[in-house]
Amino acid sequence: MTPCLRRRRLVTDGTDDADPHSVAAERRAVRTRSFGIGIAVGSYGAGFGALAVANGLSMVQAVVMSLFVFTGASQFALIGVVGAGGAALSGTVAALALGVRNAFYGLRMAPTLNVRGLRRLAAAQITIDESTAVAISQPTPDLARQGFWSTGLTIFVCWNTATLIGALAADQISDPSVIGLDAAVGAAFLALLWPQLTTRTRQLVAGLSALLALALTPVLPPGLPVLLAAAVGITAAWPEPGGHHTEGTRDV
Amino acid sequence: MSDAALLWVAIVVLAIGAFALKLSGYVVPGWVLEKPRVRRAATLIPIGLLAALTAVQIFGDGKSLVIDPRAAGLAYAVIALILRAPFLVVVVGAAVVAAVVRQLVG
């Protein structure tokens, strides 16, 4: 049984909603939304599988990457560099640079998930953009855990299945942009970001990070502009709460 | 070493490194998490990265910036999000809009 299906008492801090029906309904709603996100995001794995084979990887290499690397942007970074004729190991460095953000996601999820042993290894492997984004947009820790596991496991299954299908069908879907999949990924990131833009600090960080990444795109290898955009968040998080920082101090 | 073997090495190193990065967030000592500065960073950095990923995914093309049908998909997504559309309506709609615009201009 997957951890996301385990029944747990809803623990809230004071603002307790004790009605078991509404708790169950909320969990169902989170699960349904997670499945939707997981299927939508996971299906893009078909694009990865197809592009990987088109860029010179074998089908087995494409499938192994999705199973064990399992972080989309990094996977695309490696096949992008290899496809453009770059050295495979320099592609690895770019891909790892892009994967650093998952460490921050893990940092964010650790207190909420509170996992040990094998379950911690499983949680780590599905700690990616979407599972974290769904989790941190939930109002309670219980729903956050539900969202994390449901989203992460659904994406894992769909992403790997789709990778295999895409690699098999590489000749037919060599260009995912024909059916708009390239825009769908950007829209998915935005839709995940949107509910988090609740304070002016957060909106500023999002806007400046996007601008910085765009400004750096022409001058740096693919992957690094996104990574360096983290500097905006770090800078915004640095100042200790002071008298004139009325907003974004207790809850940024 | 052959190119194929080097590619395998690159994939294995990436797999190990990517997992180590993911796991590192879970195994850092608890006191690190208690620092308010770290808490704020852990909230704000993913927000910045998601915004950067959105921007680069829509406007980036290798090392150049372009405005192409993906931007139409993003514009649709913004409107759909303002109207509180469900996630799938946002994402699938953005794909459809981008594909239609691409057919019209291409």
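**A walk through the A–B core**

Start with the largest nonpolar core, which has 112 residues; such a core is a set of buried Ala, Val, Leu, Ile, Met, Phe, Trp, Tyr and Cys residues joined through C-beta atoms within 7 Å. Buried means 20 or more other C-beta atoms within 10 Å of a residue's own, with C-beta atoms placed from the backbone. Select Ala187(A), Ala188(A), Ala191(A), Ala52(B), Val91(B) and Ala94(B), the residues with the most contacts inside this core. Helix H3 of chain B (residues 36-59) gives the core its largest share, 14 residues; helices here are DSSP runs (H or I, at least four residues), numbered from the N terminus.

This is a predicted model: local features need pLDDT of at least 70, side-chain atom pairs count only at pLDDT 80 or more, and totals for chains, interfaces and linings use all residues. Residues are numbered from 1 along each chain as its sequence is written, while chains are lettered from A and ligands numbered from 1 in the order in which they are written.

Next, pick helix H12 of chain A (residues 230-237) along with H3(B): they pack at about 150°, axes 8 Å apart (lines fitted to C-alpha atoms over the stretch in contact, with angles from 0 to 180 degrees between N-to-C directions). So H12(A) runs roughly antiparallel to H3(B), a label for angles over 145 degrees.

Now zoom out: 81 residues of chain A are in contact with 59 of chain B (C-beta atoms, placed from the backbone, within 7 Å). Color helix H5(A), residues 88-113, which gives the most to chain A's side, with 18 residues.

Last stop, H2(A), residues 45-54: nine of its 10 residues are buried, including Phe48(A) and Leu51(A). Just after H2(A), find Gly56(A), with a positive phi of about 105°.

Definitions and conventions:
Contact = placed C-beta atoms within 7 Å. Helix = DSSP H or I, 4+ residues; strand = E, 2+ residues; numbered from the N terminus. Buried ≥ 20, exposed ≤ 12 C-beta atoms within 10 Å, placed from the backbone. Parallel < 35°, antiparallel > 145°, perpendicular 65-115°, else oblique.
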